[in-house]
Amino acid sequence: MLAWLSDCFWQERLWFPEGLGWADLQDRDGRVYAKAADLWVTIPLALCFLVVRQVFERTVAVPLASLLGVREKVRVTATHNPTLESYFCEVTKHPTQSAVESLSKKAGVSVNQARRWFRRRRNQDRPSLLKKFREASWRFTFYLLAFIAGLAALVDVSSLSSLLLLCVFPHSPQTLLPSQYWYYMLELSFYVSLLFSVATDVKRKDFKEQIVHHVATIVLISFSWCVNYIRAGTLIMLVHDASDYLLESAKMFNYAGWRTTCNCMFILFAAVFFVTRLIIFPLRILYCTWVYPVTMYPPFFGYYFFNGLLLLLQCLHIFWALLILRMVIKFLPGNDVVADERSDKEETDESEEEEEGAKLENGSVQNGHPALYSGHCKTE
């Protein structure tokens with residue numbers, strides 16, 4: 001059964017245009033082509049990435065955080081309350097006003113105390129500033145090194161001089177270079193390691209989109225490797241790495257409180273992001289993979305599959321571009337720091353007290369009862 005499924009999946013008519021097949025990707029005349037079996041090396045490499053990451057965060061990221069002045073906020077721990085804890089874990093972390101009033105009676109506390117308990121309990125589950133910095137510094141290091149490696153992998157003159165040659169598939173006149181091999185393996189292993197560590201990494205508002213991005217990237221890299229889209233895949237990964245390390249560096253300076261540096265890095269990141277992912281990627285790369293190939297051979301399943309994944313990535317680019325625009329708009333009036341729209345903001349007791357004060361001034365209810373004086377007179 002497995003052999004039959006494998007034969008059906010790897011049918012040449014699915015992944016190759018008419019007249020071409022797997023035999024065309026056999027090494028010959030001194031040229032070396034990518035092998036699907038090479039992808040198995042990414043599993044142990046991904047595990048190595050997880051080990052290297054732990055070592056890096058402890059030996060490099062933590063001292064760097066101290067050097068840059070990353071300061072943890074003192075969090076007040078929520079007192080033990082079985083009633084509130086049960087509701088927090090089993091029902092919701094964000095109870096409604098009526099639920100808070102009901103829970104306060106059952107738990108024997110006031111409404112304000114119950115509201116404050118939920119706020120402190122939510123803060124306990126939020127990642128610490130140091131954890132965020134460690135994660136950002138690890139990704140910054142990898143993306144920066146990957147960007148440099150991508151430039152080295154595209155030293156080939158023909159790959160740089162003509163994007164159209166990227167899509168002459170699968171007849172590449174050039175042999176697979178060691179730099180391209182390792183660039184592919186390390187990039188793919190890194191994204192596999194991100195899937196392995198997704199349960200412990202900082203979860204942001206675009207968590208689901210990040211999972212879709214990682215899966216699409218892994219499938220896209222693997223597919224382009226198997227069918228010899230090596231130079232197209234290298235350029236696509238390079239375009240993505242060009243802005244990622246700038247974003248991670250902005251996060252690092254944000255966590256360290258270097259507001260001016262953070263804002264400058266964010267502006268640079270936004271500019272590179274829009275140029276690479278909203279101009280170069282769709283107008284040059286997608287054009288070369290979507291329009292040019294049909295001038296050489298009729299469309300086939302592999303053609304639609306590859307370009308479908310690229311379009312999915314472009315949709316994610318647009319989604320993230322909207323988030324970036326929201327942050328840019330907040331930044332323009334002169335905000336002190338650019339906040340990550342995907343981050344879950346930490347709640348403080350001071351903010352709650354200010355909110356309550358504002359409600360009292362506007363005649364809002366307090367503890368379920370109307371304010372005695374609202375500051376306004378009603379005329380007949």
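Is cysteine 264 buried or partly exposed, and what is its relative accessible area? Cysteine 264 is partly exposed, with a relative accessible area of 46%, where buried means under 20%, exposed over 50% and partly exposed in between, for a 1.4 Å probe and protein chains only. The structure is a predicted model, in which local features need pLDDT of at least 70 and side-chain atom pairs count only at pLDDT 80 or more, while totals for chains, interfaces and linings use all residues. Residues are numbered from 1 along each chain as its sequence is written, and side-chain values use heavy atoms, with hydrogens and water left out.

## Cysteines

A disulfide is a covalent bond between the sulfur atoms of two cysteines. In the search made here, a disulfide is a pair of cysteine sulfur atoms within 2.5 Å, and zero disulfides are found in the whole structure. For cysteine 264, the closest cysteine sulfur belongs to cysteine 262 and lies 9.1 Å away, which is too far for a bond.

## Salt bridges

The structure holds five salt bridges, each defined as a side-chain nitrogen of Lys or Arg within 4 Å of a carboxyl oxygen of Asp or Glu.

| Pair | Distance, N to O |
|---|---|
| Arginine 139 and glutamate 135 | 3.6 Å |
| Aspartate 244 and arginine 277 | 2.6 Å |
| Lysine 251 and glutamate 248 | 3.5 Å |

Arginine 139 and glutamate 135 both belong to helix H7 (residues 129-153), where they are four residues apart, about one turn of the helix; helices here are DSSP runs (H or I, at least four residues), numbered from the N terminus. Arginine 139 is buried at a relative accessible area of 11%, and glutamate 135 is also buried, at 6%.

The side chains of aspartate 244 and arginine 277 meet in a salt bridge at 2.6 Å. Because aspartate 244 lies in helix H11 and arginine 277 in helix H12, this pair ties together parts that are 33 residues apart in sequence. Aspartate 244 counts as buried at 13% relative accessibility, and arginine 277 counts as buried at 3%.

Lysine 251 and glutamate 248 both sit in helix H11, three residues apart, about one turn of the helix. Lysine 251 is buried at 8% relative accessibility, as is glutamate 248 with a relative accessible area of 5%.

Rolling a probe the size of a water molecule over the atoms shows where empty space is left.

## A nonpolar surface patch

Tyr287, Trp290, Val291, Tyr304 and Leu311 make a nonpolar surface patch of about 470 Å². Patches are made of residues with over 30% relative accessible area and no salt bridge, with like charges joined within 9 Å and nonpolar side chains (Val, Leu, Ile, Met, Phe, Trp, Tyr) within 5 Å; accessible areas come from the Shrake-Rupley method with a 1.4 Å probe, and for residues only the protein chains shown count as cover. Helix H12 (259-290) and helix H13 (301-331) each supply at least two residues of the patch. Tryptophan 290 lies in helix H12 and counts as partly exposed at 35% relative accessibility.

## Isoleucines and their distant partners in sequence

Isoleucine 218, in helix H10, is buried with a relative accessible area of 14%. Isoleucine 218 and tyrosine 191 are 27 residues apart in sequence, and their C-alpha atoms are 6.6 Å apart in space. Isoleucine 324, in helix H13, is buried at 4%, and its C-alpha atom is separated by 9.9 Å from that of isoleucine 267, 57 residues apart along the chain. Isoleucine 148, in helix H7, is partly exposed at 48% relative accessibility; isoleucine 148 and leucine 238 are 90 residues apart in sequence and 8.7 Å apart in space, C-alpha to C-alpha.
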